[in-house]
Amino acid sequence: MPLRAGLRWKVSAAIAAVSALVALLLSLIVHNAARVTMINNSRDVQDERLRSAQRIFDSTERLALGAELNDPELPEPLRRAVRDGERATYVTEGGGDAPDVWAAARLPDGDVLSLHARFTDRYSVLSGLDRTLVVGSASVVLGSTALGVLIGGGLSRRLRKAATAAGRVAAGDAEVRVREAIGGRAQDETDELARAIDAMADALQARLEAERRVTADIAHELRTPVTGLVTAAGLLPDGRPAELVRDRAQVLRTLVEDVLEVARLDGAAERAELQELELGEFVTRRVRTLAPQAHVTVVRDAVVATDPRRLERILGNLVANAVRHGAPPVEVTVEDRSLRVRDHGPGFPAELLADGPSRFRTGSTDRAGGGHGLGLTIAAGQARVLGARLTFRDAAPGALATLRLPPAPPPGDR
C-alpha cells in the first residue's frame, strides 16, 4: 500500500531539505574560509618568528625560539623550496585538531634554519565555530520546518475545505460555494481554484436546471393527451388489439409520471415528511402487497424516522427491478436500519456498478426487460432525499441492492 503524505508534510519536508542543504553549504563555506584564514595567519606568524630566529642566529650563532638547524624531519617539499636561498612556509596535517606549520630559510653557509609549531590555541577557536555552526544550522532547519508546517497546514486546511465543499456540490447541494467555504483573506491559487469550481458549478447547475425544466415541461404537456389516450383505450371493444393499445398506453402513462418524478428529484427541492415507524413491520406489509412471491426476513427490527411514501417508492422499485430482471427467489432482509433486496439472476450490469443508475439505460441483454431504466434512478433520487445510502453490487449469484437509512433525519427535515 503506497504511503500517503499530506500537502502539509510535503511542504515541510521540502522546506526542511532546502534549509538543511543551504545551512550545510554555508557552514562548509564559513568553516573552510575560517580555516584558510587561520592557516594563512599561522604561516605569517611562523615566518615572522623565523625572521627573528634568523637575526638572532646571525648575530649570536645561537638557536632561539625553538629553531632547528638542518632538521632531519623537515618536509621534503619545503627543503626543495629553500634551496635557492628563499624563505618558505609549509603546512602538513599532523592528525590532530591543528595542522603542523613549518617555516625554513637557507643560511649563507648552506645550512637550513627551520621552525616547527602547532598552533593549537588558534584552532580551538575553529572547533568552537564549528559547534556554533552546527547549533545555528539545526536551529535554522527546525525553524524553517515549523514555518513549513504552519504554511503547509494553512494551505492544506483550505484545500480540504475546498474538497469538502466541492463534494457537497457534487452531491447536489446547490447552495454551497467553495470560495465561502474556504474563507480567509489570502489571495492565492486556492482562491483561484475555488472561484473556478464555483463558476463551473454555477454553469453546470444552470445547464441541468434548463434540461430539467425542458424535461418537466415536456412531461407536463404529455400528461393530458396521454391521460386522454388511456381513457379512450378503455372505451375500445374487448379484443387483442384493444388489449395491446391499453397496455402501451398504460406504459406511456407510467413513463410520463416517472419522468416527472425524476425531474422533481433533479431539482433538489424535494423534502422528506418524516414519521416514526417500525422498519421490519413496514417492509413486511409492503412486500406482501408489491411482490407476494418475495421472501421477507427481519434479522433485527428498528424504529426509524423516515418518509413512508418515499421509502415505499424505493422498496417498490427495488423489488420490481429484482422480479423483472433477476431470477427467483427474491429475498428482502431487514437488519437494524439496513434494507437488502437480493435476486438470484445474472447480476447488475458492469456500467451500473461502475457509474450508478442511469436513466433510460436498462442494462445488459441478460437483464433486459420492458422498463425504461428509470426505476433505480428514482430509487437513488428518493434515497438522497431521505439522506440514505443506496448501493448496488453482485452477490454471486444474483444482484444485491442495500439501502442504509441514516441514524438521524436528513438536514432540514427535523
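**The whole chain**

Keep in mind that this is a predicted model. The chain has 414 residues, and 36% of them count as buried. It contains 10 helices and 11 strands. If you take the contacts between residues at least 6 apart in sequence, 62% join residues that are at least 24 apart.

**A sheet of five strands**

Let's start with the sheet around that loop. Five strands make up an open sheet, and reading across it the order is E6-E8-E9-E11-E10, with mixed pairing. E6 (295-300) and E10 (389-394) stand at the edges with a single partner strand each, so one side of each has no neighbour in the sheet. On average, neighbouring strands here are turned by 15 degrees against each other, if you ignore direction.

**Helix H8 and its neighbours**

H8 packs on this sheet: it touches strand E8 (331-335) as well as E9, E10 and E11, and its direction makes about 25 degrees with that of E9.

H8 (residues 308-325) also meets another helix, H10 (residues 375-386). Two packed helices are described by the angle between their axes and the distance between the axes. For H8 and H10, the axes come within 9 Å and cross at roughly 150 degrees. An angle over 145 degrees counts as roughly antiparallel, so that is what H8 is to H10. The crossing of the two is left-handed.

Which residues of H8 take part in the contact with H10? They are Arg310, Leu311, Arg313, Ile314, Asn317, Leu318 and Asn321, and on the H10 side they meet Gly375, Leu376, Ile378, Ala379, Gln382, Ala383, Val385 and Leu386.

Threonine 306 is in strand E7 (residues 303-306). Is threonine 306 buried or exposed? Its relative accessible area is 3%, so it counts as buried. Leaving aside residues up to four places away in sequence, threonine 306 touches Glu273, Leu274, Gln275, Leu277, Leu311, Leu386 and Leu405. Two of these names have come up already: Leu311 in H8 and Leu386 in H10 are part of the helix contact.

Most residues other than glycine have a negative phi, and most peptide bonds are trans. Against that background, aspartate 336 stands out: it has a positive phi of about 60 degrees although it is not a glycine. With a relative accessible area of 33%, aspartate 336 is partly exposed.

The peptide bond between proline 328 and proline 329 is cis, with omega at about 0 degrees. Proline 329 lies in the loop between H8 and E8.

| Strands | Sense | Bridges |
|---|---|---|
| E2 (residues 88-92) and E3 | antiparallel | five bridges |
| E3 and E4 (residues 112-118) | antiparallel | seven bridges |

In E3, alanine 104 stands opposite alanine 88. Alanine 103, in turn, has leucine 115 in E4 opposite. In a regular strand the side chains alternate between the two faces of the sheet. E3 is mostly covered, with six of its seven residues buried.

E3 and E4 form a hairpin with five residues between them, and glycine 110 in the turn has a positive phi of about 95 degrees.

How values were computed:
Residues are numbered from 1 along each chain as its sequence is written. This is a predicted model: local features need pLDDT of at least 70, side-chain atom pairs count only at pLDDT 80 or more; totals for chains, interfaces and linings use all residues. Side-chain values use heavy atoms; hydrogens and water are left out. Axes are lines fitted to C-alpha atoms, for helices over the stretch in contact, and angles run from 0 to 180 degrees between N-to-C directions. Helices (H or I, at least four residues) and strands (E, at least two) are DSSP runs, numbered from the N terminus. Angles under 35 degrees count as roughly parallel, over 145 as roughly antiparallel, 65 to 115 as roughly perpendicular and the rest as oblique. A crossing is left-handed if the near helix is turned anticlockwise from the far one by less than a right angle, and right-handed if clockwise. Contact means heavy atoms within 4.5 Å. Buried means under 20% relative accessible area, exposed over 50%, partly exposed in between (1.4 Å probe, protein chains only). Two strands pair if DSSP finds at least two bridges between them.
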